[in-house]
Amino acid sequence: MQFLIDNFDLFWDAFLTTLSLSLLACLVALVLGTVLAAMRVSPIAPLRGLATFYVETFRNTPLTVVFFFMIFGLPQIDFVIDFFTGAVLSVGLYTAAFVCEALRSGINSVSPGQAEAARALGLTFGQSLREVVLPQAFRTVVPPLGNVLIAMVKNTSIAAGFSVSELSSLLPRLVNASAGDLTAILVGVVVGYMLITLPSALAVHRIERRVAILR
Amino acid sequence: MTTPVLFDVQGPRARARARVGSAIGAVLVLAIIGFVLLRLGGNGQLEPERWAILFDPASGVPQALGRALVRTLQVAAVAMVLATLLGLLLAVGRLSDHRFIRVPVSAVIEFFRAIPLLVVIFALYFVLPKYGVRLSTFTALTGGLVLYNMAVLAEIFRAGILSIDRGQHEAGFGLGLRKSQVMTLILLPQATRRMLPVLVAQLVVLLKDTSLGFIISYLELLRQARGLVEYFNSLFGDRYTFQLYVAAGLIYILINVLLSMLARYTERRTNRAGRKAVTAAPADQMGGGGGAA
């Protein structure tokens, strides 16, 4: 316990790194995932193909490999980005594929009558998606989308392997430096993650209850 | 097409507009690919002799990558078998009638689902030695994968067992079977068939996660590629880096695509036979310690 108090600054910094990494990656994933989902149901075949290709590729690529291409591959085409940005992009681009799949399942669950009614009113594809289908889809996908984002928080731990000093990276660093109090370090790291995931799970549950639509 | 109700069948003008849009999009995509190739070419990364090393047995590269692939598959295979067996036990334990079994088993499942897989692996690899238990990278990686995936698989098995109609369970008891007989003779055989697609999909995730071995220096594909890069860099300078990384990454993607195709095939088969497959939340398939919290 004493160890945790002595090294509080270290844990706090690592915690903030994990938190900001998660929030930024979440933003990337949500925006890109929504665009991809819209592309996957769009009337234009090449757009559907492109989005399908993206989703299939990222779903079948280990996140570590995505990190690899981001950190070691990009410099080969003369883009040098720092480790943190690389981590945000890797986690964000990877998660976007799963966000897209969650949203698509939501779009498919909106009853066809809704879309037919929108079309009958003369709304265009973009309008019916924006005004009618997506608002309902977002509501039904709150639980799966929440799960994807919570899983993403845990996935940010992989950044530890690529020189980002976030929570998990404390383990190898502190374990070698301090002989005692290993349990404290482990507990500190686990608690750090739970401080993000548990409130998120609670928030997802709250939002779910608030926006749920009965069918 | 997933939701054809979202738009009308396109008329000639819309089709023309779509064609123009597609053409512009195609030009953009080609421009990006061209730009990447140009940059790569400008840095000399596309020279054939740089790529030839990947296929030249004299360089030792194909053999090294082959051995790394075998090591990757070894971890995956051992972890898959152990995680499936332990997951099954945990699932049955969580459905037990006895509170003293149900509660600790639930705690174990929830604990391992809640923390990142990498933290489990780190705990096994860095923390255990301080208590006198020294694990090899192979054991630490396999152990982490087993502990995490057994918890995820336990939930998949439980969902499968619970999805069986209650009448089956009651009829089993009605025939005078014991609890264990109802589970092994009635529930599990039916549940297994329904769970098969999700089970295979989760095993694909496990295979993906073997790449975490890179971080604790287990010589799987990525770490092997890194090792080769360091070796060649000491001889020729930064000459084969990009090629080796691309090769390792592509092998990973290839085996995952193959296994995903197997997963989809089992799903189709299961659905065709008129039984509804249990579906997994997308988060459970994210890997890297993903899964619902």
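Visitor: Which class does Phe98(A) fall into, buried or exposed?
Guide: A residue is buried if 20 or more other C-beta atoms lie within 10 Å of its own, exposed if 12 or fewer, and partly exposed in between, with C-beta atoms placed from the backbone. Phe98(A) has 29 other C-beta atoms within 10 Å, so this residue is buried.

Visitor: What kind of model is this, and how are its residues and chains labelled?
Guide: This is a predicted model, in which local features need pLDDT of at least 70, side-chain atom pairs count only at pLDDT 80 or more, and totals for chains, interfaces and linings use all residues. Residues are numbered from 1 along each chain as its sequence is written, while chains are lettered from A and ligands numbered from 1 in the order in which they are written.

Visitor: What is the mean pLDDT of chain A?
Guide: pLDDT is the predictor's confidence in each residue, from 0 to 100. In chain A, 97% of the residues reach 70 or more. The mean pLDDT of chain A is 85.

Visitor: Which element of chain A has the highest mean pLDDT?
Guide: Helices (H or I, at least four residues) and strands (E, at least two) are DSSP runs, numbered from the N terminus. The lowest mean among the elements of chain A, 73, belongs to helix α1 (residues 2–6). The highest, 90, belongs to helix α2 (residues 8–40) of chain A.

Visitor: How many helices and strands does chain B have?
Guide: Along the sequence, chain B reads α-α-α-α-α-α-α-α-α-α. The count for chain B is 10 helices and zero strands.

Visitor: What radius of gyration does chain B have?
Guide: The radius of gyration is taken over C-alpha atoms, and the globule rule is 2.2 Å times the number of residues to the power 0.38. The C-alpha atoms of chain B fill a box of roughly 75 × 70 × 30 Å along the principal axes. A compact globule of 293 residues would be near 19 Å, but chain B has 25 Å.

Visitor: How much of chain B is buried?
Guide: Among contacts in chain B between residues at least 6 apart in sequence, 72% join residues at least 24 apart, a contact being a pair whose C-beta atoms, placed from the backbone, lie within 7 Å. Of the 293 residues in chain B, the buried share is 40%.

Visitor: Which residues have the most contacts inside the largest nonpolar core?
Guide: A nonpolar core is a set of buried Ala, Val, Leu, Ile, Met, Phe, Trp, Tyr and Cys residues joined through C-beta atoms within 7 Å. The largest one has 135 residues, and those with the most contacts inside it are Val120(B) and Ile121(B).

Visitor: How do the residues on the side of chain B that touches chain A divide?
Guide: The contact takes 55 residues from chain A and 53 residues from chain B. On the chain B side, α1 (12–42), α5 (117–127), α8 (179–209) and α10 (241–272) each supply at least two residues. Ala, Val, Leu, Ile, Met, Phe, Trp, Tyr, Cys and Pro count as nonpolar, Asp, Glu, Lys and Arg as charged, and the others, Gly among them, as polar. The chain B side divides into 31 nonpolar, 17 polar and five charged.

Visitor: How far apart are the end C-alpha atoms of residues 20–41 of chain B?
Guide: An unreviewed UniProt entry lists several spans of chain B as "transmembrane region", including 20–41; UniProt positions are given in the numbering used here, feature names are shortened, and annotations may be inferred rather than shown by experiment. Residues 20–41 of chain B are 100% helix and 0% strand, and their end C-alpha atoms are separated by 31 Å.

Visitor: What is phi for Ser217(B)?
Guide: Ser217(B) lies in the loop between α8 and α9 (221–236) of chain B. Ser217(B) counts as partly exposed because 14 C-beta neighbours lie inside 10 Å. Its phi is positive in a residue other than glycine, near 65°.

Definitions and conventions: Contact = placed C-beta atoms within 7 Å.
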